[in-house]
Amino acid sequence: MERTTCLVVGGGPAGMVLGLLLARGGVEVTVLEKHADFLRDFRGDTVHASTLTLMDELGLGPAFEQVPHQDVDKIEALLDGGAKATIADLKRLPGANKRIAMVPQWDFLDLLADAGRLEPTFNLRMNTEVTGITKQGNRVTGVKYRDRVDGHEGEIAADLVVAADGRSSILRAEVDLPVYKFGAPMDVWWFRLPRKESDPVKGGAGRFSAGSAMVLIPRGDYFQCAFLIRKGTDQKVRAEGVEKFRRRVVTLIPWLADRVDHITSIDDAKLLDVKLDRLRRWHVDGLLCIGDAAHAMSPVGGVGINLAVQDAVATAAILAKPLRQGMVSNATLAKVRRRRLFPTVVIQTVQRIIHRLFLGRKLNSTETVSAAGVPLPLKLAQKLPWLQAVPAYVIAIGPRPEHAPDFARRAPQTIARS
């Protein structure tokens with residue numbers, strides 16, 4: 001049977017950051033990714049300020065700057081009549097990184113993979129789909145997998161298995177950990193529209209109106225668009241057809257009228273079934289959940305990736321030495337949850353408040369957001385611009401930013417791309 005010290009399931013941001021950091025800490029680590037490459041249509045392709053700082057600490061800042069990306073330093077609300085209100089001004093952030101970088105996630109993951117391959121104890125296996133766990137008594141001892149190229153099945157044993165395989169985690173389901181489910185008032189349709197240099201929006205922007213809302217995320221020559229619908233109404237709204245959907249988009253943001261015909265079919269809108277939940281316990285003996293596998297986040301604020309990366313950094317800092325020594329106990333695994341519970345609860349509480357007091361009401365209302373109808377906190381932020389630093393910090397850095405442990409830090413370096 002194959003064997004490794006730490007087996008990370010899932011080659012997303014959390015899994016790849018964890019694999020890289022553990023390898024730099026001298027831990028034999030294997031990352032399993034079920035796809036052949038990272039070239040998939042991710043929607044939340046954000047690298048937040050705290051992650052950019054992490055890249056600098058890992059010596060990967062220069063390499064990251066070579067990756068195609070677009071910087072966002074302001075998040076705005078679009079109002080009636082073309083007016084705008086600033087929600088978050090990232091230029092007010094502390095530190096060197098006062099931005100969120102919009103980068104194709106496959107490029108970011110490729111960068112992490114290339115950095116990992118420089119470490120002798122790092123192993124990334126693509127086309128390896130985990131199908132279940134192996135156990136000895138009550139302890140998880142490894143995973144079962146299927147090779148998606150030749151179809152053969154096998155098992156890999158490990159001192160620790162880390163589930164970084166997202167909100168639909170097969171490992172989380174296998175061990176049946178108890179979960180708090182908070183619900184959400186909306187689902188999201190993701191689609192793209194062309195972007196022009198003359199557009200009035202330079203950073204991220206949101207428009208909230210009667211019964212619907214939409215967020216624009218600038219991505220080079222196009223906008224990644226998030227169109228919010230009431231929870232459970234996907235089939236009903238699709239049945240209205242593409243013409244009705246185009247009209248709804250233009251009603252929300254009139255200056256998109258000259259390109260809305262790029263939505264050629266209602267199938268161009270891809271559904272995100274919004275979930276907001278959190279495991280009550282993040283581990284069982286031999287297995288630890290992090291990122292979305294431990295806490296599925298709402299897309300509000302786009303903070304899910306940032307939290308997942310910070311989970312990975314904390315996990316590496318706590319577990320590298322015990323993994324090298326072969327002494328990973330349940331008490332040690334519990335330290336990860338204790339470290340990351342506070343920021344997770346804070347962010348989810350903020351999201352739940354926004355769901356209940358704003359988005360839920362707006363999606364069920366008949367009132368548009370005019371300049372006169374701006375919520376009081378947003379009005380205050382226009383009169384006292386320094387308040388715009390508060391949402392900027394919560395979104396781009398977070399309540400408890402994690403920093404690279406000393407063993408993982410390197411001088412700035414360039415990375416040969418594979």
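**Positive phi, then strand pairing**

I looked up Asn127 first: Asn127 is buried, at a relative accessible area of 19%. Buried means under 20% relative accessible area, exposed over 50%, and partly exposed in between, with a 1.4 Å probe and protein chains only. I note that the model is predicted: local features need pLDDT of at least 70, side-chain atom pairs count only at pLDDT 80 or more, and totals for chains, interfaces and linings use all residues. Residues are numbered from 1 along each chain as its sequence is written, and side-chain values use heavy atoms, with hydrogens and water left out.

Asn127 is not a glycine, yet I find a positive phi of about 55 degrees. I place Asn127 in the loop between strand E8 (122-125) and strand E9 (128-136). Helices (H or I, at least four residues) and strands (E, at least two) are DSSP runs, numbered from the N terminus.

Next I checked Asp176. This non-glycine residue also has a positive phi, near 55 degrees. Asp176 sits in the loop between helix H5 (170-175) and strand E12 (179-181). Is Asp176 buried or exposed? Asp176 is exposed, with a relative accessible area of 65%.

Then I turned to strand E16 (residues 222-230). I count 8 of its 9 residues as buried. Two strands pair if DSSP finds at least two bridges between them. E16 runs antiparallel to strand E13 (residues 186-194), joined by 9 bridges. There, Met186 stands opposite Arg230. E16 also pairs with strand E15 (residues 212-219), antiparallel over 7 bridges. Ile217 has Gln224 in E16 as its bridge partner. E15 and E16 form a hairpin with 2 residues between them. In that turn, Gly220 has a positive phi of about 70 degrees.
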